[in-house]
Amino acid sequence: ASAIAALTALGAAQNALVPLASAAQFALCGHAGAGASAIAAYGLALASTNVATSAFNFVSDGVVAKVGAYLARKDAVRAAAAARLAVACALGAGAASCAILFALRDALFDKTFARQSKDTTAMALEVFVCRAACAPLVCAVAALRGVLGGCGRVGAATMLSALGAALETAVVASATSARLHLDGAAMMRWIGVGYVIVVVVQFLVSACVVATLPPRGASEPLGVWRARMLPRKDAFDFMSDGASMVVRSTLLQASFFIAVVIASRSFDASGLAAHHIICQLWLIASYVVDGLATCANVLGARLYRTDMREFKSLLYILLTLGVSAGVVFSAILVWGKTFIPTVFTTDAAARETLATSGVWTILVAAQPINAAVFVYDGFIYASHSFSYVRQVMIAGVGLVFLPTLYLANRPTATLRGIWTAKLALNAWRLVCLVARVHFWVLETPEYDDDDDDD
């Protein structure tokens, strides 16, 4: 129980720090001189870059499971080799993301976001360029945090997340300070350059921590930087599972990006700002609960196929906590319907849109569903069911999200319609994850083979 509580608290802190910091940054932009245009611009930059980098960030969940499984079998050599391969793949994937983002820059801001004003897109570009350039290091930092999680050092990973979140928020706070009297473009340029510095610091500190901090219960560091190559079969399995996670996460981020594109082409700056505010609230609640998924992944990877009774007990404990947390978040959103939007923006039109469009009802209804999805995700990763979750996401986006997005936004797009499609996607994911965990994972016998049998 104490291990569950400690890991859940640390996991919640680690996963929630980034969206909480992001929400604070949006609030700072919303109260700056540029108002709704600043929120709209900042959101466009983040949505455009996250669709590439965040897809590879989620590979860290797979790293946690793989490294944790090797260490549970007392195989530190393969754990180190898997960690090294993960960091190398993250750097390569980040470089590819960087190239793709710069290649698509003009198409995004001259055509895709053409409905927004020139001032808004110019502000967005200032941040976009800097965030795209940092893609390799951003992906590597996520992989290094995954290595720490797999080593049982969730506290260290949390501290690294806190460092990055605090520094990035401090940069935005300084850029939006009234003392500097920066116009919109200069403010965003300050934020972008500061982001580059923060990411470089995060990468250097993370690499040093991984190199010097031993896994929990060990006396020596993992030796990631001098590790030898994984055996060919293990490397192939690792790459295959990683590819499944990339596909899954790319589609998940694509659903957010498609929603932003529709919002940017359908609404003015105030409407787009309202969309970004809903997105921030959606992510905050989800990622706080994701601490339970971290606990499921770290502990579950060590219990799966070695102690299935404890694995099952862990599932029901975390599921109860997760759904309860989702209900609490729903209650908070109901209570704060009129207050919460004022935290993010002074724009009256954006607040009116949030109050009258019906999107708040969707946000409230989504919280218990989102919470359950994140808890089950943790057990899916612990059981190495990476290809299954990839297939679920492919089917969900193609057969649920896109059709719902089309039908719910006829004859014109609305915030309620856009987020109804996101809720439908998560409902689909929940049904599929419940089926996998309860009718396959829990029925798995206790044996040593950690390959994914789907």
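This is a predicted model: local features need pLDDT of at least 70, side-chain atom pairs count only at pLDDT 80 or more; totals for chains, interfaces and linings use all residues.
Is Leu108 buried or exposed, and what is its relative accessible area? Select Leu108 in helix H4 (residues 76-112), where helices are DSSP runs of H or I with at least four residues, numbered from the N terminus. Leu108 is buried, with a relative accessible area of 10%, buried meaning under 20%, exposed over 50% and partly exposed in between, with a 1.4 Å probe and protein chains only.

Residues are numbered from 1 along each chain as its sequence is written, and side-chain values use heavy atoms, with hydrogens and water left out.

Next, select Leu20, Ala23, Ala24, Leu281, Ile284, Ala285, Phe329, Ile332, Leu333, Ile340, Val343 and Phe344, which line the largest pocket. Helix H1 (2-30), helix H10 (269-303), helix H11 (308-335) and helix H12 (340-344) each give two or more residues to this lining. A pocket here is an open set of points on a 1 Å grid over the protein atoms alone, where a 1.4 Å probe fits, with protein on both sides within 12 Å along at least five of seven lines, and lining residues have an atom within 4 Å of a point.

Finally, move to helix H8 and select Val205, which counts as partly exposed at 31% relative accessibility.
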